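Hi,

Here is the structure I said I would pass on.

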Amino acid sequence: MTAFELIRALAHDAAIGIVVTDTVIDHPGPTIVYANSAFGQLVGRDLHEIIGQTPRFMQGKETRRATLDSFHRALGAGQRFHGYLTNYRGDGSKYRAEVDCRPLRAADGQIESFVAFEREVIRRVGRPIESAGGRYDPIEVSNDLLTGALRQLRIFAHA
């Protein structure tokens with residue numbers, strides 16, 4: 001079983017948005033090859049509209065270029081990206097997303113795809129604390145079994 005097949009099996013019913021893309025990071029790519037239903041709900045689009053698209057469809061006027069450049073550099077170097085983006089849903093409404101994107105490597109070490117975990121967050125009221133969440137809190141907290149596994153993999157934890 002490949003890493004991609006394992007992710008598809010585990011991500012299907014997960015409460016957190018999970019999307020897998022190919023490895024083409026330069027414009028117009030990357031191309032989404034898999035997204036779970038939680039991702040579709042987050043971005044306000046049907047899965048059949050998402051597959052085959054580039055994640056760039058979520059970007060808009062308040063999506064920070066500097067953050068996108070940092071994201072691009074990390075993926076280009078085969079490294080993890082963890083950060084926050086202002087994204088837009090299918091209806092045009094904006095939301096703040098925490099994104100944790102990592103390369104999926106084949107047995108030979110070559111990157112075969114990228115997997116991104118995405119959740120909506122809101123700015124924390126008051127002074128930020130020095131925790132994994134920093135200045136944002138997730139909109140929704142899940143108690144499903146996959147959440148514990150993601151926590152062990154340090155998904156959404158600062159590197």
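A word on burial before anything else: a residue is called buried when its relative accessible area is under 20%, exposed when that area is over 50%, and partly exposed in between, using a 1.4 Å probe and protein chains only. Please keep in mind that this is a predicted model, so local features need a pLDDT of at least 70 and side-chain atom pairs count only at pLDDT 80 or more, while totals for chains, interfaces and linings use all residues. Residues are numbered from 1 along each chain as its sequence is written, and side-chain values use heavy atoms, with hydrogens and water left out.

**The chain as a whole**

The chain holds five helices and six strands; helices (H or I, at least four residues) and strands (E, at least two) are DSSP runs, numbered from the N terminus. Their order, starting at the N terminus, is α-β-β-α-α-α-β-β-β-β-α. The chain has 159 residues, and 42% of them count as buried. If contact is taken as heavy atoms within 4.5 Å, then among contacts between residues at least 6 apart in sequence, 46% join residues at least 24 apart.

**Strand β1**

Strand β1 (residues 17-21) is largely enclosed by the rest of the structure, because five of its five residues are buried. Both of its faces are covered: G17, V19 and T21 are buried on one side, I18 and V20 on the other. β1 runs antiparallel to β2, and three bridges join them; two strands pair if DSSP finds at least two bridges between them. V19 has A35 as its bridge partner in β2.

**The cores**

Next, the nonpolar cores, each a set of buried Ala, Val, Leu, Ile, Met, Phe, Trp, Tyr and Cys residues joined through side-chain atoms within 4.5 Å. The largest one has 22 residues, and F39, V43, I50, F71, V99 and C101 touch the most other members. Two or more residues of this core come from each of β2 (32-35), α2 (37-43), α4 (65-76), β3 (81-88), β4 and β5 (111-123). Apart from it lies another core, of ten residues, including I16, V20, Y34 and F117.

What does C101 touch, not counting residues up to four places away in sequence? Its contacts are F71, L75, Q79, R80, F81, F114, V115 and A116.

**Charged and polar side chains**

There are six salt bridges, where a salt bridge is a side-chain nitrogen of Lys or Arg within 4 Å of a carboxyl oxygen of Asp or Glu. One of them joins the side chains of D100 and R80 (2.8 Å, N to O). D100 lies in strand β4 and R80 in the loop between α4 and β3, so this pair ties together parts that are 20 residues apart in sequence. D100 is buried, at 0% relative accessibility, whereas R80 is partly exposed, with a relative accessible area of 25%.

D100 also meets R102 in a salt bridge (3.0 Å, N to O), and both R102 and D100 are buried. Through shared partners, salt bridges join R80, D100 and R102 into one network.

Another salt bridge is formed by the side chains of E120 and R89 (2.6 Å, N to O). This pair links distant parts of the chain, with E120 in strand β5 and R89 in the loop between β3 and β4, 31 residues apart. Is R89 buried or exposed? R89 counts as buried, because its relative accessibility is 18%, while E120 is partly exposed at 21%.

E98 is in strand β4 (residues 94-105) and is buried, with 2% relative accessibility. The E98 side chain makes polar contacts with the side chains of H82 (2.7 Å) and Y84 (3.4 Å). A polar contact here is a pair of N or O atoms within 3.5 Å; within protein, one must be able to donate a hydrogen and the other to accept it, and residues adjacent in sequence count only if both atoms are side-chain atoms.

**A loop residue**

Lastly, Q110 sits in the loop between β4 and β5 and is exposed, at 53% relative accessibility. Leaving aside neighbours within four places in sequence, Q110 is in contact with L104 and R105.

Best wishes
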